[in-house]
Amino acid sequence: PTDARRGEIAGYASLGNLPRLLPCEIEEVRVSNNSLGSYGMYLHAFAISRGAGFSYYVFSEVDYLPVMPHFDATLVAMHAGAFPQSVGALVGIVQGQPVEPDSTYDAHPEGSHIMSTATIERIFAHVYEERRWKGSTAAYILNRTWSVYGREKPSRRLLRRNTYYNVLQQGFGLLLKEAGIEQRDWTGQFRSPYWHAATGSLVDWTGASASRQQLPMRRLLFAPTQMLFLDTVTRCCGQNFQACWDQHPRCTVRRWHSDGDCCSGESIPWTLVALKPQTPPPPEVSTCPAISSGVLMYPPRSVKVATDWLRSTTAPAKPRAASSCGDLVSPVDTSPIRSPQVLHTAILPHVRGKRVVEIGTRRGDSVACYAQVAASATAVEVDPGACLYLKRRSASLRANGSDTFEVVCEDYRANKALLDADVYTWWQEPPLLDNLEVLWTLRFTARPALALLAFDPQYHPDMADLHILQGANMTDWVQSVGYDEYTACIVSDDKDLSRDRRLCSRARGVFHLAAVAVKRIDLALLELAWGARGRQKSRPG
């Protein structure tokens, strides 16, 4: 904060509207630099919540983001499996001896990590009860670091080249060793890429496994913020951090979210966490953590939930038939900016295992959900801004290891290749997206496709079209779906909703979903329907 050359970006550390959108209480605690850096804030979060009943504390730097759905339950489950007695530090990557044989340092954590309450209690007991230390934890770590590393010339020389906070990181590893706390990492299950600020590049030396089976580049729990905007990763073909700087082989992965690992198969002689990849927990067991200074703290119930899930889960699978879009995706928009999520859930059974195309998808809350159960999903969006967002969202899903969707940035009428799907769905927005015009265009499809149209009773053009289609006997069935997203609408930071909260009156009510079998549409009746509508628009070609 005192660096005159580098000021914090406005709003960088703000949670914004997030606390009001999550279905649980969020506590944000701002902590000044207590000389122990991120570890100081982590231990402070424990100290101020000590005795509050939390079971786990998750650590992540502010410039790293969790990018995998249910990452929290995955961490809890892995910790429970790695440390049956609940005491231990599970980290992204362990550096130093013995896992890096050439290192001059002892084992210390790198990247995000999770520790149980019992683990941190042991740290405090070691420092203040066993060692009877009277100063700060930071002072204790520095004291122990210099006393250990100061005895060896190579280590002293390396230590002088490190920054203060790197010393603390290595010292934290010493503290864990002193307190008898075992460190294990998840590098055989998830990668831990690193943003190297000095070179302005993403680097990755992780992902090796005991079986030489390479992890997909996109298999991540946490990723540097920059990774969401960059495609290229420098892959260091070695088993430690020095592989990125010494004369080790290196290669470049051009598109980390889709390309494979460019290094040959690497193995590690130690298996620090021998767990199979897990699927996300079923939605009924999800729990809400408390958040303090970027630290997630889990109540006791989440321990049993994650342990039971770990015992019962096998290979990754598609979401269950009973899943809803509320469980499968995190919404970006809210009604009435997009159609309701419960309507998307009603569509799920009709797209499961099918090829689905959504026309006019805005920012993808619906198509991201369909992609989790469909054989393939395509978003067709003509708005440039929304299209750019869709591409980023699709890439993010791919990076998480989730099923994703393709993005077509053009008018649906200009791309005949789109006319080869099983299901088409949309919610009209005339004049660019018009119900009858889409149906007319779909007459070219060569497949027995199904069109699923959404109708909002609070929008007159929608109901006029539904009455026309029903009157012409074109609908196979109509389903009514009740919804309520009023609260989310009221607190949304969407610019249109912020200007006029009266729009939120349309954020609850009933939507109608109508099915039209495209091959059974009588074009003559469709032409009559077009004329009966009486709009000032010529019939589409």
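Me: How many cavities of 30 Å³ or more does the structure hold, and what makes a space a cavity?
Reply: The structure, a predicted model, holds 5 of them. A cavity is a set of points, on a 1 Å grid over the protein atoms alone, where a 1.4 Å probe fits but cannot get out. Local features in this predicted model need pLDDT of at least 70 and side-chain atom pairs count only at pLDDT 80 or more, while totals for chains, interfaces and linings use all residues. Residues are numbered from 1 along each chain as its sequence is written, and side-chain values use heavy atoms, with hydrogens and water left out.

Me: What is the volume of the largest cavity, and which residues lie nearest its centre?
Reply: The volume is about 110 Å³, taken as the space filled by probe spheres set on the grid points, which are joined across faces, edges and corners. The lining has 14 residues, with Tyr-64, Gly-111, Ser-112, Ser-192 and Pro-193 nearest the centre; a lining residue has an atom within 4 Å of a point. Strand E3 (89-95) and strand E4 (108-116) each supply at least two lining residues, and E4 gives the largest share, 3 residues. Strands (E, at least two residues) and helices (H or I, at least four) are DSSP runs numbered from the N terminus.

Me: How does the lining of the largest cavity divide by class?
Reply: It has 8 nonpolar, 4 polar and 2 charged residues. Ala, Val, Leu, Ile, Met, Phe, Trp, Tyr, Cys and Pro count as nonpolar, Asp, Glu, Lys and Arg as charged, and the others, Gly among them, as polar.

Me: What makes a space a pocket, and what lines the second largest pocket?
Reply: A pocket is an open set with protein on both sides within 12 Å along at least five of seven lines. The second largest pocket has a volume of about 1,000 Å³. Its lining has 42 residues, and the closest to its centre are Ile-337, Gly-360, Arg-362, Trp-427 and Glu-429. Elements giving two or more lining residues include helix H12 (384-399), strand E13 (355-359) and helix H16 (495-499). This lining holds 20 nonpolar, 9 polar and 13 charged residues.

Me: Why is H2 called roughly perpendicular to H4?
Reply: Helix H2 (residues 37-49) and helix H4 (residues 117-130) pack at about 100°, with axes 11 Å apart. That angle makes H2 roughly perpendicular to H4, because 65 to 115 degrees counts as such. From H2, Tyr-42, Leu-43, Phe-46 and Ala-47 meet Thr-117, Ile-120, Glu-121 and Phe-124 of H4, where contact means heavy atoms within 4.5 Å. These contact residues are 6 nonpolar, 1 polar and 1 charged.

Me: How do you know that a disulfide joins Cys-237 to Cys-263?
Reply: The S to S distance is 1.9 Å, and a disulfide is a pair of cysteine sulfur atoms within 2.5 Å, so the pair qualifies. The link is left-handed, with -85° about the S-S bond. Cys-237 lies in the loop between strand E9 (233-236) and strand E10 (250-253), and Cys-263 in the loop between E10 and strand E11 (290-292), 26 residues apart. A search of the whole structure finds 5 disulfides.

Me: Which peptide bond has omega near 10°, and which has omega of about 5°?
Reply: The bond from Ser-335 to Pro-336 is cis with omega near 10°, and Pro-336 sits in the loop between helix H9 (325-328) and helix H10 (341-351). The bond joining Pro-430 and Pro-431 is cis with omega about 5°.

Technical notes: Axes fitted to C-alpha atoms, helices over the stretch in contact; angles between N-to-C directions. Parallel < 35°, antiparallel > 145°, perpendicular 65-115°, else oblique.
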